[in-house]
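Hello,

Here is the structure for your files. My notes on the ligand and the aromatic rings follow below.

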Amino acid sequence: MPGYRDLFDTSISDPTSFWADAARAVTWTRAPNRILDDGNPPFYRWFPDAELNTCANALDRHVEGGRGEQAALIYDSAVTDTKRTYTYAELLDQTARFAGALRGLGVGKGDRVVIYMPMIPEAVIAMLACARLGAVHSVVFGGFAPHELAVRIDDVKPTVIVSASCGIEPSRTVEYKPMLDAAIGMTEHPPAHCVLVQRDRHRCELIEGRDLDWAELMAPKNGAEPVDPVPVAATDPLYVLYTSGTTGKPKGIVRDNGGHAVALLWSMRHIYDIAPGEVFWAASDVGWVVGHSYIVYAPLLLGATTVLYEGKPVGTPDPGAFWRVAAEHGVKALFTAPTAIRAIRKEDPEGRYVGDYDLSALKYLFLAGERLDPDTYHWASDKLGIPVIDHWWQTETGWAIAANPMGTEQLPIKAGSPTVPMPGYEVHILDEHGHDCGPGKEGAIAIKLPLPPGTLPTLWNAEDRYRVSYLTEYPGYYLTGDGGNLDDDGYLFVMGRIDDVINVAGHRLSTGAIEEVLATHPAVAECAVIGVADEIKGQAPRGLVVVKSGASTDGLAEELVKLVRDEIGAVAAFKLVDVVPALPKTRSGKILRKTMRGIAAGRDEPVPSTIEDPSVLDALGPILRS
Ligand code: COA
Ligand code: AMP
């Protein structure tokens, strides 16, 4: 088998043959004749004349190929103490029937379905059922508040919303239904129907005529007949997943069917070293891209077994939770965010819980979602004694831009680096003039177009925003929004976002969105939100507010914290507020967020020559450093 360097070089010098070869792992209803449509740069489409069904690739073909009795999905809920295994035959049956139910509610090819659910098997079934119909799902993370859900509903305009009566957090039951109703109340495009999974912990009231009970809908007497997969163009959208941009309006990342299946299948074998029948566990949430790619689609496309874990790394019940799940289900590769490992380490610094379980099946720990700090890397690798693999990617790409390809060749690990670019990703470090920086020199991380299959072809309903956000600053390149450098060996070091996106416990948030909420408070004259270091979550949002003259600051911080929680959601983890006399600005009125970020991080930040009033920064320094 060729090593990393050969694979990478071929992917760049001859992308067509590289991806044509990878495409053979997919079962097409019409195989691709053309591999890349490059006739309309900077827009590129992979497999423009091919057809397939993603759900058929994830389920039907494995049942037909003799894997019907193999576990497809293991649901392990630490918060309800439930374990349930679905074989491929069972998962196919449930999915085909739920697809029938959705079709009965008017969902067809190209229609959208919003999925707002906790980590229960029905979430996976709903996603796959949409794929089966050629419908487009848009999963919204359960930790978002009604307003955020409403914004996504109005953008994607779903025919149906699938939800559940509640989610279960260790400390509380999160009632989804009131949030769903509130969100629908705010939208201009309410769905025709909602389907709700009634959970034992808390059942909700259904609205006559609009809401349907999942269990009743699926009962054979009610006519939920299984339906066959609908072939779609490889370039048709499979899903839209919203992620935070630099403004309050989230970006609808579009994923197509064909490139997605090809890239994920390639990644499972070559990066994660997983073969059909092996157990893979991504401890994330279906509401994030990691959940889409590596809880749902990639393991199932391959015929592996995926684990759906409803619980936390700590407190459900203890910091041995991950090791318990990995041991019990024979997990070969575990994928989570560094923040989860930091949380475990904090409660179990000696790693005592690791020794309580038989982890002989566990071969790799993959980490992504935020920078893997060398300390956390060393701790995990010492305690587990297996390769700990940092890899870097984004919602936009859907799979790793840089990684250490375990199924291809294990390259030496350098702590602090997600190793090397993956096939199809020609990574460049560019300076402000668009010139390549030399080795070791920091700049903007950009990727030469075309991006490989599986990456975003556009933004939902926002082609112009796609072009402006990603493709305009450096013509011919995709701008990642991250800064970093490549060393002499071609290893990439990702140092963090160079825009106003922050990463809190592996969750991507927009400081602009939080600022928009703060600005609605009547006492706030102006505000800025920056990301500051947090021991467990990597970063935490910190709000700096200037109050209107004469406004009271009594209880203001608490009110602002509550406002953000109500408007964006608990997941924003917004807890730090400082009332400051003024914010530093340029002479043209732009708030100097980057400068404040640098000072808060303890760096010796140069004062920009464009600053309007340097004394503002002098006054703010001690607050930022505190
Ligand atoms: N539905 C409703 N609320 C949710 C939620 C969900 N699906 N997920 C999180 N929340 C709430 C939490 O209950 C918490 O609320 P609180 O302020 O009342 O305590 C808040 O959102 C913040 O959650 P979180 O950031 O997850 O913090 P935490 O303190 O509960 O847990 C970690 C900290 C490190 C254990 C947790 O963040 C974690 O496991 N992170 C892994 C991240 C991950 O999987 N990222 C995906 C990329 S791989
Ligand atoms: P998301 O789209 O939520 O997956 O967040 C993507 C962002 O998370 C990236 O742009 C990076 O800023 C950050 N990120 C993800 N993985 C890594 C990693 N391995 N190292 C450094 N940053 C990362």
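How many residues surround ligand 1, and which are the closest? There are 24, and the closest are E169, R172, A505, K537 and R565; a residue counts if one of its heavy atoms lies within 4 Å of the ligand.

This is a predicted model, in which local features need pLDDT of at least 70 and side-chain atom pairs count only at pLDDT 80 or more, while totals for chains, interfaces and linings use all residues. Residues are numbered from 1 along each chain as its sequence is written, chains are lettered from A and ligands numbered from 1 in the order in which they are written, and side-chain values use heavy atoms, with hydrogens and water left out.

Ligand 1 has an oxygen atom 2.6 Å from an N or O atom in the side chain of E169. An oxygen atom of ligand 1 also lies 2.8 Å from a polar side-chain atom of R565. The protein buries 83% of the 930 Å² that ligand 1 exposes when taken alone (Shrake-Rupley method, 1.4 Å probe).

On the aromatic side, the count is 30 pairs, with ring centres of Phe, Tyr and Trp (its six-membered ring) within 6.5 Å; planes under 30 degrees apart are stacked, over 60 edge-to-face and the rest tilted. F144 and W288 are edge-to-face because their planes stand at 70°, with centres 6.1 Å apart. Both F144 and W288 are buried, meaning under 20% relative accessible area (1.4 Å probe, protein chains only). Y294 and F335 make a tilted pair, 6.0 Å centre to centre and 45° between the planes; these two residues are buried as well.

Regards

Conventions
A polar contact is a pair of N or O atoms within 3.5 Å; within protein, one must be able to donate a hydrogen and the other to accept it, and residues adjacent in sequence count only if both atoms are side-chain atoms. Buried means under 20% relative accessible area, exposed over 50%, partly exposed in between (1.4 Å probe, protein chains only).
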